[in-house]
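Subject: Structure handover

Hi,

Here is the structure I promised to pass on. Please open it alongside this note, and I will go through what turned up.

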Amino acid sequence: MTLRQEHSSVSRRLAYVVVSVVFANYLGNAFSYVLAAGATPVRIATSLACLVTIGFLQLRVFSRPGSNLHSGKAYLALGAMACLVYVPYPFFPNAWHGMPGFLAGSALLVLPGRVRWLVFFAVALSNSLIRSQFVSDPAQLAYYAVSAMVAGMVVYGLSRLPSLVKQLETARSDLADLAVSQERLRFARDLHDLLGFSLSAITLKVELAIRMLGTQTERATRELVEILGIAREALTDVRAVASSYRELSLSDEIESARSVLIAAGVRTTIEANHPELSPRSRTVLATVLREGVTNLLRHSDATRCTITISGTGRLASIDIVNDGTPAETLGERGSGLTNLATRATAIGGSLLAQTTSDGGYRLHAEVPVEPEPESQEKQARTPRFAGPLIATRFAQVLLTAVVIGYAAMAMTLVTYYPVGVLGIEVAAVGIAGTVALVLGVVTRPHLRLSPPLRLGVLAGLAACVYVPPLVFGNPYLAGVPGFLAGACALLLPRRAGWMAFLAVVGLQGVIYSLLGEDTVAIGYALIATTNHGLVLYALTRLRSMVNQLHEAREELATAAVTQERLRFARDLHDLLGYSLSAITLKSELTHRLASIDPGRARQELTEVLEISRQALADVRSVALSYRELSFDEETQSAQALLSAADIEVTVKIDACDQLPTEVKVTLATVLREGVTNLLRHSKAEHCEIVLSSSRHLVTMDITNDGIPTIERRSRDGSGIGNLTTRVRALGGDLHAGLTPEHTYRLRAEIPLPFN
């Protein structure tokens, strides 16, 4: 089991155990009051049936991760819960005052918007109103209202946090997909900006050199020298894109633009008078210049071009003006201009592209001479997954509310007992100190306390908890020692912490016994102390686990991005590296042959032209991921991604070397889409990929144990639809759906041609 699997498993187990124990304590405390009242067998059986049903509804409907809490079934269960809370109340008045908390918490889970909070407070107040028929002391009535609210928040929080943990676990692929998409976009932008220009320039200069060979050999030789320089620079660009870094030289781009425009027969004027620029600003201006010239050559019939680069002490600007209106206007902005705008705005600049009054075209960009530090820029534009932030904030607010609620309950009990003004003041100080230590230190996981400091915090808590009741000889703070118990479990090593937890709970029972309390009061003290401690421990730990899961998602995203970088780097090396090396070698050969064998030189240049055009197609292919897929590579990639997502994967692949190319490409596409859908839409823990082939048929099954939450939409969506089209184009068929074993299977069957 991996570390992430262990964290997920522990978080789920902890949530279920705490929810079950806390709810069982609430129900068990109520049943103890039924027994203390001297109930008959009928009353015992009736109360027990009601309590068990309340527990069943809470655990199996309202607290179950994945339950649809806005369905008719949930509303029906809420109505049943209301009946179980209010109908038995007149028959078990002393036992049932803790049950409205279940209804209040369930109402928060099921009802929408403001209605749920209105019902929540109404239920809490109703508890006080009903108890007013039996008691008249204001402090006691306030206690019943506050206890119902606190119990409701506990029920709500302990029911919601397991669901949030589950949601974070299933969000693993969403964050990774987002990171991978951004990585694809970055690669596509860099490929377009860097290699597109270089290959376009090579193509243009090769065409010019072919025309000049034999007639203007010296001019053709100069063009060949420039082709060699551009090809070598493009090889550097390939490595730069793959390694995620490229800093352009503005002066080099100016000279390159001048050379390419003159070679294209465009009369060019370039004026450059700008202050010293930071590397990032210089790179953005160079990129704008490169893209502007590329668009001019590709999309316009310009004969004149003016390039002006100027600046002040704070801003630098570039203007590229030509007399040919391009097909790509401002209203139909393509990816090139969009990428430029993104680059400019990322460092605090701007981009403007428009037609001029005389029918020409102007590209204008402004950038700061010294932009903000890159870390701030990256932080501003890096997307954050909102789930963990919301969950952590929710857990903190809930924990604070519950701790303060428990403190308020304790204070209402203090005012009920005859301890005098001094006693109330001492108790208030003790409770305030307890709350301050719990919220300020104990529940702050980022605080790194040394062992002596941990013991000091526990000693301070013990003083705040035990001094007031021991001084006045009255155990009115029944559940407050639970804060000490929970703190022990949080601050001490695991085994010692839980032993101390049990010791604090047991000590509370001993104190109540020594003070002469009856069995019901002793049981209440034990239950209250246990619940306070477990709730404090659970809400603190679950909040920490939310953070850990968030970090795990970031690790997964990093792994997915790394995998994508490796894929792109491999594609760049295999496709563009070969092409550019061939261009370089053939250009060197042509340079040597230009004066001694023009015919052979022209033939070599024609091949260079074909290679450069193919390389341009490869740029688009790699950037858009439309290249021919390799089934072996996709299998390895699928195993890596599934393992990174904590999904146990089994791969059984028959030898497929003899399969037709189109069959292997289609199977690779099905595999990629199937794994993508699994990560996005299911909660799988196990996946099996099986490829079996016979003489006439090849079958691939992708089976997992996570039923998709949007199965119908996944099956009918564009992804599965596209796969079906691909498979049927080869005479095969594609099936996606549930199996009798309650798993989900994507099956592709493709017939093989006869040899």
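**Charged pairs**

Start at Arg222, which counts as partly exposed because its relative accessibility is 45%. Its salt-bridge partner is Glu218, with the closest N and O atoms 3.8 Å apart. Glu218 counts as exposed, at 61% relative accessibility. Why are Arg222 and Glu218 separated by about one helical turn? Because they are four residues apart in helix α8.

Before going further, note that this is a predicted model.

The structure holds 13 salt bridges.

Now look at Glu223 and Lys205. Their side chains meet in a salt bridge, 3.0 Å from N to O. This pair links distant parts of the chain. Glu223 sits in helix α8 (residues 217-242), while Lys205 sits in helix α7 (residues 172-212). They are 18 residues apart. Are these two buried or exposed? Both Glu223 and Lys205 are buried.

Glu223 and Lys205 also belong to a network of salt bridges. Arg219 and Glu226 are linked in with them.

One more charged pair is worth a look. Arg747 forms a salt bridge with Asp701, and the closest N and O atoms are 2.6 Å apart. Arg747 lies in strand β10 (residues 744-751) and Asp701 in strand β8 (residues 697-704), so the pair ties together parts that are 46 residues apart in sequence. Asp701 has a relative accessible area of 13%, so Asp701 is buried. The cut-off for buried is under 20%. Arg747, at 23% relative accessibility, counts as partly exposed.

**The sheet**

Strands β8 and β10 lead on to the sheet. Which strands form it, and in what order? It is an open sheet of five strands, in the order β6-β7-β8-β10-β9, and the pairing is mixed. The edge strands are β6 (648-653) and β9 (733-738). Each of these edge strands pairs on one side only. On average, neighbouring strands of this sheet are turned by 10 degrees against each other, direction ignored.

How many bridges join β9 and β10? There are six, and the two strands pair in the antiparallel sense.

Next, find Met700 in strand β8. Its relative accessible area is 0%, so Met700 is buried. What does Met700 touch, leaving out residues up to four places away in sequence? The list is Phe631, Leu667, Val670, Leu671, Val690, Leu691, Leu746, Arg747 and Ala748. Two of those names have come up already.

**Aromatic pairs**

A search of the whole structure finds 10 aromatic pairs. One of them is Phe120 with Phe121, which is edge-to-face. Their ring centres are 5.2 Å apart, with 80 degrees between the planes. Phe120 counts as buried, at 2% relative accessibility. Phe121 is partly exposed, with a relative accessible area of 41%.

Tyr143 and Tyr144 form another edge-to-face pair. Here the figures are 5.7 Å centre to centre and 70 degrees between the planes. Both Tyr143 and Tyr144 are buried.

There is also an aromatic cluster to find. Phe23, Tyr26 and Phe102 form it.

**Overall numbers**

Here is the whole chain in brief. The protein has 23 helices and 10 strands. Of its 755 residues, 51% count as buried. Its accessible surface comes to about 34,400 Å², and 58% of that belongs to carbon and sulfur atoms. Among contacts with a separation of 6 or more, 74% are accounted for by residues 24 or more positions apart.

**Where to look**

Two views cover much of this note. For charges, go to the network of Lys205, Arg219, Glu223 and Glu226. For the sheet, go to Met700 in strand β8.

Best wishes

Definitions and conventions: Residues are numbered from 1 along each chain as its sequence is written. Side-chain values use heavy atoms; hydrogens and water are left out. Buried means under 20% relative accessible area, exposed over 50%, partly exposed in between (1.4 Å probe, protein chains only). Contact means heavy atoms within 4.5 Å. Accessible areas come from the Shrake-Rupley method with a 1.4 Å probe; for residues, only the protein chains shown count as cover. A salt bridge is a side-chain nitrogen of Lys or Arg within 4 Å of a carboxyl oxygen of Asp or Glu. Two strands pair if DSSP finds at least two bridges between them. Axes are lines fitted to C-alpha atoms, for helices over the stretch in contact, and angles run from 0 to 180 degrees between N-to-C directions. Rings of Phe, Tyr and Trp (its six-membered ring) pair if their centres lie within 6.5 Å; planes under 30 degrees apart count as stacked, over 60 as edge-to-face and the rest as tilted.
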